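Please take me through this structure in dialogue form, giving the general idea of each feature before the particular case.

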Amino acid sequence: MPSTPQPISRPTDRPASGSAPAPRLSDEDIRTDLSTRQARLKWVIVVDEALPAGRQANAAACMAASVGRALPELVGRDGEDASGAAHPGLPWAGCSVLAADAATLHGVRGRAAALGGEVLVVDMPEQAQTSRVYDEYLDRLAGTGADDLTYCAVSLVGPRKKVDKLVRTLSLLG
């Protein structure tokens with residue numbers, strides 16, 4: 001018997017159960033006139049270095065979509081080129097994509113989550129990439145304990161010093 005389609009949930013001000021809310025960005029945080037290295041806010045995506053390139057790219061794209069949903073003010077205003085063609089806004093803070101082994105990725109996620117609402121933590125458990133049906137993913141996720149999760153990627157957005165401290169030993173994805 002086919003499952004009943006579930007309604008698509010819409011963004012709300014409530015975080016997912018057990019997760020911290022996205023940090024509120026102030027006018028001092030949102031500075032499109034500064035270099036990404038001067039911005040108070042830092043955004044990184046850390047992917048499992050053992051994944052094939054296609055799965056790494058998929059994980060990074062999914063992280064970006066979730067971060068954009070949680071922090072829409074991270075996306076800058078639209079632009080126009082000299083010919084008048086429109087170009088959608090892009091994240092003004094930039095985003096570094098870093099690599100880590102599975103154990104390090106799990107640890108980074110845990111330490112970031114322990115900071116509460118200071119750092120936005122978005123993760124992609126392995127079940128997300130091995131399920132073709134979203135409801136199946138949610139069921140598999142619900143049946144797995146937090147300590148038993150393996151992450152394909154984790155995205156962090158927050159104060160530069162806090163994010164730097166969490167990822168300082170990691171290298172850019174090669």
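Q: Which residues does Gly-158 touch, not counting residues up to four places away in sequence?
A: Contact means that heavy atoms lie within 4.5 Å. In this predicted model, Gly-158 touches Arg-40, Leu-41, Lys-42, Glu-118, Val-119 and Val-163 when residues up to four places away in sequence are not counted. Gly-158 has its place in strand S6; helices (H or I, at least four residues) and strands (E, at least two) are DSSP runs, numbered from the N terminus.

Q: Is Gly-158 buried or exposed?
A: Buried means under 20% relative accessible area, exposed over 50%, and partly exposed in between (1.4 Å probe, protein chains only). Gly-158 counts as buried, at 1% relative accessibility. By contrast, Gln-38, in the segment before S1, counts as exposed because its relative accessibility is 52%. Buried residues make up 30% of the 174 residues in the protein chain.

Q: How many helices and strands does the protein chain have, and what pattern do they follow?
A: The protein chain has five helices and seven strands. Along the sequence, their pattern is β-α-β-β-β-α-β-α-α-β-α-β. Of the contacts with a separation of 6 or more, 77% are between residues 24 or more positions apart.

Q: Which residues touch the most other members of the largest nonpolar core?
A: A nonpolar core is a set of buried Ala, Val, Leu, Ile, Met, Phe, Trp, Tyr and Cys residues joined through side-chain atoms within 4.5 Å. The largest one has 21 residues, of which Leu-41, Val-67, Leu-74 and Val-157 touch the most other members. Strand S1 (41-48), helix H1 (53-70), strand S5 (120-125) and strand S6 (151-159) each give two or more residues to this core. A second, separate core has 16 residues, including Val-46, Leu-105, Val-108 and Ala-112.

Q: How many disulfides are there?
A: A disulfide is a pair of cysteine sulfur atoms within 2.5 Å. By this rule the count is zero. For Cys-152, the nearest cysteine sulfur is that of Cys-62, 9.3 Å away. Cys-152 is found in strand S6 and is buried, with a relative accessible area of 2%. Its contacts beyond four places in sequence include Val-46, Leu-105 and Met-124. Cys-95, with a relative accessible area of 33%, is partly exposed.

Q: Which residues lie nearest the centre of the second largest pocket?
A: On a 1 Å grid over the protein atoms alone, a pocket is an open set of points where a 1.4 Å probe fits, with protein on both sides within 12 Å along at least five of seven lines; lining residues have an atom within 4 Å of a point. Of the 16 residues lining the second largest pocket, Lys-42, Trp-43, Cys-95, Ser-96 and Arg-160 lie nearest its centre. S1, strand S4 (96-100) and helix H5 (160-167) each supply at least two residues of this lining.

Conventions. Residues numbered from 1 in each chain as written. Predicted model: local features only at pLDDT ≥ 70, side-chain atom pairs only at ≥ 80, totals over all residues. Heavy atoms only, no water.
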